[in-house]
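This report covers a surface patch, a helix pair and a charged pair. The structure is shown first.

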Amino acid sequence: MISEKTKKIIVVVARVFLGLVFVFSGYAKAVDPLGSTYKIQDYLSAMGLESFAPIALVAGVLLAAFEFLLGVCLLLGANLKTTSILTILLMAVMTPLTLWIALSDPVSDCGCFGDALVLTNWQTFWKNILFSALAVLIYLWKEHSPKLFSQRTDWIIAICAGGFSIALSIYCYFNLPIIDFRPYKNGTNIPESMMVPEGA
């Protein structure tokens, strides 16, 4: 039998961990909206859905904002019931998708963290299995997570988080990324970076 105190500790740790990952993932996509666009276009091409390519930019910006919003809400415990349900739904879409990617290998990597962190397709799938389990646990034990803000404040947090991410993507679309994770970012010696290391 798990004590109330232990459940509280577990759900808070799960919430903070998953929140940090989603904030990082959403931010990494938001600062490179064109990179997200190209990755979504790769997916659409692999699925034979090239006709949807024109909406890839908007989809990339909205996906980044959605992930960032969920991450902030998980971190702060805001709207935890709604947030955990939305996280479960997101993982219910992403986990089968990453299983298909792992089995078929239509793209080199999922682009989950933009250029900030590249995982293999199988690493991505198992990551999503873990995140799905954590999301379900957070939902089941949500009543054990301390309530920090009022319902109204929770919604303000969610709106501000989503709005910040969209504004960041718009800024980085017209300017260079604030933090550039790309391999050939400004100031990189491109010929030197393209050299294959000895023994590779």
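In which helix is the place of Leu-62? Leu-62 sits in helix 3. The model is a predicted one, and what follows describes it.

**Nonpolar patch.** Leu-62 is one of the residues of a nonpolar surface patch of about 780 Å². Helices 2, 3 and 6 each supply at least two residues of the patch. Helix 6 provides the largest share, 4 residues.

The helices that supply the patch span these residues:

| Helix | Residues |
|---|---|
| Helix 2 | 33-46 |
| Helix 3 | 56-76 |
| Helix 6 | 151-174 |

**Helix 2 and helix 3.** These two helices pack at an angle of about 115°, and their axes are 8 Å apart. The crossing of helix 2 past helix 3 is right-handed. On the helix 2 side, the contact involves Pro-33, Ser-36, Thr-37, Ile-40 and Gln-41; from helix 3, Ala-56, Leu-57, Ala-59, Gly-60 and Val-61 take part. Sorted by class, this contact holds 6 nonpolar and 4 polar residues, and no charged ones.

**Salt bridges.** How many salt bridges are found in the whole structure? The search gives 2. Lys-29 belongs to helix 1 (residues 4-30) and Glu-67 to helix 3, so the pair ties together parts that are 38 residues apart in sequence. In general, side chains of opposite charge can pair when their charged atoms come close.

Conventions: Residues are numbered from 1 along each chain as its sequence is written. This is a predicted model: local features need pLDDT of at least 70, side-chain atom pairs count only at pLDDT 80 or more; totals for chains, interfaces and linings use all residues. Side-chain values use heavy atoms; hydrogens and water are left out. Patches are made of residues with over 30% relative accessible area and no salt bridge: like charges are joined within 9 Å, nonpolar side chains (Val, Leu, Ile, Met, Phe, Trp, Tyr) within 5 Å. Accessible areas come from the Shrake-Rupley method with a 1.4 Å probe; for residues, only the protein chains shown count as cover. A salt bridge is a side-chain nitrogen of Lys or Arg within 4 Å of a carboxyl oxygen of Asp or Glu. Axes are lines fitted to C-alpha atoms, for helices over the stretch in contact, and angles run from 0 to 180 degrees between N-to-C directions. A crossing is left-handed if the near helix is turned anticlockwise from the far one by less than a right angle, and right-handed if clockwise. Contact means heavy atoms within 4.5 Å. Ala, Val, Leu, Ile, Met, Phe, Trp, Tyr, Cys and Pro count as nonpolar, Asp, Glu, Lys and Arg as charged, and the others, Gly among them, as polar.
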